[in-house]
Amino acid sequence: MSGPDLTKTPATAPAVPAPTGEGGGALLLRGVGMDFHAGRRRPAGAPAIPTLVGVDLAVAPGEFVCIVGASGSGKSTLLRLVAGLIRPTEGQVTLDGRPVEGPGPERGLVCQSGALFPWRTAAANIAFGLELLPMPRAERRRRVAWYLNEVGLEAYGDRLPGQLSGGQRQRVAIARALACEPRVVLLDEPFGALDVQTKEDMQLFLRQVWADTGTTVLMVTHDVEEAVFLGQRVVVLASDPGRVVADLPVRLPAGRDLGTRRDPAFLELRAEVEDLVRLHHRAHTSRLAATAG
Amino acid sequence: MSGTDLPLTAPAPAVADDRPASAASAASPVSPVSPAGSADPTQPAGPAGRAGVGGGPGGRAWGPPPRRRPARPSRLPKLGEDVSPPTRWVLRVLSVVVPLVVWVTLSASGAVDDTFLPSPAAVFSAGVDMARSGELFSDTWSSVRRVGLGFLIAVAISVPLGFAMGSMGWAQALLEPVIGLLRYMPASAFIPLLIIWLGLGESSKIALLVIGVVFFNTLMTADVVRRIPPDLLEVSGTLGARQHEIARKVILPYALPGMIDAARVNAAAAWNFVVVAELVAATSGLGYRITRAQRFLQTDKIFAVLVVIGLIGLTIDVLLRLARDRVGRWAR
Ligand SMILES: Nc1ncnc2c1ncn2[C@@H]1O[C@H](COP(=O)(O)OP(=O)(O)O)[C@@H](O)[C@H]1O
Ligand SMILES: [Mg+2]
C-alpha cells in the first residue's frame, strides 16, 4: 500500500486560484460485506452467494485508486457502499475516521450515464450542490466559472445536457461533483459509454483534474488499460462472492501521457492485471456452468 | 455430408486469381507473397471456400435465410416522418374545412330536416342573437367559473397526493387501492348524492367536478413522478440534497411538464362534468342553456352552445400546451 504520490508534478496553474479545499480524505473499508438478500427470504433462483465479502481497502489522502473486475463482480456495489447509497451488511466504511452513514457532498459520485439534470444548463448543473449551501450568489457564480474553466467548458455553460456531447456531459458531471469540494471522488465507469478517442482525452483530463484539486479518487472500471494508466494502485475484484484478490502498486512516472502506454512497465502490469481478471472471470463462468448443468 | 468431399464440392473460382480453399492453404506456406492483385493467401479462404461443409455454410445444417423482395420506393410518408410546415398547415386547415363543408352540403341539400341539423348560418345567427341578449356571456361565465374553481380544487388536492404516491412507497401503498377503486365509480352517478348532501347550489356542481377530475389526476401525476430516473435521485443525495430539497429541486422540475400534460387531459374531463352538472340542475351555465333550448326544439341554439364549449376547451388546451412547452423545453 503506497502513500500519496509526492513526486507528482504540479499541474500548470489555471488563471483563477485553485480551490482552497484541504485536499483528499482517507478512506477505509474494514471487512465490508454486502448481501442483498440478508434477513429476507431469498427469491427463487437467486444465488446463495453474497455480492461482497470481507473487503478491506485503505485509500490514503490524495491517492488515486482504480478497482477493476469483470462485470458482476460487485464494483458498482462497492462504490455505492462508499457513497452511502446502500449500507453494508458486514463491516464498516469510514472517511477520515468517521463512519459513512448516508450519501453526502464529501463523497462525490460520477456514474456512467453522468446523471445530469436535463432541465439545468451545464453551469446550473455544476451549481446544484452549491445552491444548497449558505453562499452568496456572486461567490457561487465565481466557483462555477472556475470549474467550467477547469473542465474546459467555459463556452458551454449555457447549454443544456441534451446539447452536449457524451464527453462534455461527463466533464460536467465531474465538475458538478468537484464543485462541492469532496474529500473523495467516486467514479463508476465514467468513460464506459465514450468512444476510444474521447475516452483517451478524458483520461488525461481526469489525471489533470486530480493533480489540480488534490482530491482522493476511487474509480471503478472494467477496462484494465484504463485502470493501470490512471491509478496509483490497481485493486482487482473477483466475483462469486465479490472479493479483493490483488492490490498492486502502479510504478509509473506521475506525469502520465500517451507514451506511458508504451512503457514496458505499463505493458507488464497491464498483462498481469488482465491475466488476473481473466483467471477469476473464467473460474466464475465455469462455476456458473457447473451449477446450471 | 462429411468434410471430406470439400475439395470436390468447392465451387469453381469466380475470378481468375481467386483460388479455392484447398489450393490457397496448400500454397500459403510455400509462397507467402501472393501473385499481383490477388487476396492475401495466408488469410482463410472466403465464404466461397467454406461453403458446403456439413450441409450449409460454416457447418450449419440449414441454407441461407429466405430473402424478401426489397420494398418499392414509395412516395407515401414514412412512419415517424415529419411533414414540411406548408403541408402541415394545409392539413390543419383541411381538418377544419372538410367537416364544415360536409355540414354545409348536408344541410343545404335538404337531406336532413333543419330541426335536426340546422345550417351553419342558422347556428351562427343563433349564436349572435344569444350574444346580443347577453345570455351567452352570463352562461359562459357561470360555467367557466365553475370549471375554474372545481379544477383548481381538484389540482390542489391531486398534485400533492400524486406527488406523494409517486415518490414515497408508503403513500403509494396507502392510497393506490382506495383511489384505484374510487376512480371506477362514475362521477355522474354521484349527482343525486351530491344534491342530497349539498343541495342544488354551486357547491354540488363544483363537488361533481372535483370528484370527476381528482382521482384521475392523482394517478396520472403519480405515474409522471415515478418515472424519474433513480440515478438522478442518488446523485442529488451525493451532492448534499436533503429529502425536501430533492423533492423541490429534482423531482418537481423533472415531473412538471408531465404534470401539466396530465392537467391538460383532465381539463377536458372537467368541461364534460360541468355541462353534465348543469344539464341536471342549474339556472345558469352552458349546460343549462342546452336543456332550455332542447325544451323549445332550438337545435340551432344547442349547436351554437356546443361550438362555444369546444372553442373554450381548445383555448384552455392551447394555453396549457404553451405552458408545457415553456417549462419542458429541455425535454425536446
Ligand atoms: N439492488 C440490488 N439487489 C440485488 N442484487 C443486486 C443489487 N445490486 C447489485 N446486485 C447484484 O450484485 C452483483 C454485483 O453487481 P454490480 O455491483 O452492479 O457489479 P459490477 O458493477 O461489477 O458489474 C450482481 O450479481 C447483481 O445482480
Ligand atoms: Mg457496474
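Helices here are DSSP runs of H or I with at least four residues, strands are runs of E with at least two, and both are numbered from the N terminus.

A word on the ground rules. This is a predicted model, in which local features need pLDDT of at least 70 and side-chain atom pairs count only at pLDDT 80 or more, while totals for chains, interfaces and linings use all residues. Residues are numbered from 1 along each chain as its sequence is written, chains are lettered from A and ligands numbered from 1 in the order in which they are written, and side-chain values use heavy atoms, with hydrogens and water left out.

Back to H3(A). Its buried residues are A:Arg140, A:Val144, A:Trp146, A:Tyr147, A:Leu148 and A:Glu150; buried means under 20% relative accessible area, exposed over 50%, and partly exposed in between, with a 1.4 Å probe and protein chains only. The cover over these residues includes helices H2 (122-131), H4 (166-179) and H5 (196-213) of chain A. After H3(A) comes A:Gly152, with a positive phi near 70 degrees.

Stepping back, chain A has 7 helices and 10 strands. Its radius of gyration is 19 Å, which agrees with the value near 19 Å for a compact globule of 293 residues; the radius is taken over C-alpha atoms, and the globule rule is 2.2 Å times the number of residues to the power 0.38. Along its principal axes, the C-alpha trace of chain A spans about 60 × 45 × 40 Å. Of the 293 residues of chain A, 50% count as buried. As for contacts (heavy atoms within 4.5 Å), residues 24 or more positions apart account for 74% of those in chain A with a separation of 6 or more.

A:His280 sits in helix H7 of chain A, residues 264-292, and counts as buried because its relative accessible area is 17%. Leaving aside residues up to four places away in sequence, A:His280 touches A:Ala238, A:Arg243 and A:Val245. In chain B, B:Trp141 belongs to helix H6, residues 135-167, and is exposed because its relative accessibility is 53%. B:Trp141 and B:Ala277 are 136 residues apart in sequence and 15 Å apart in space, C-alpha to C-alpha.
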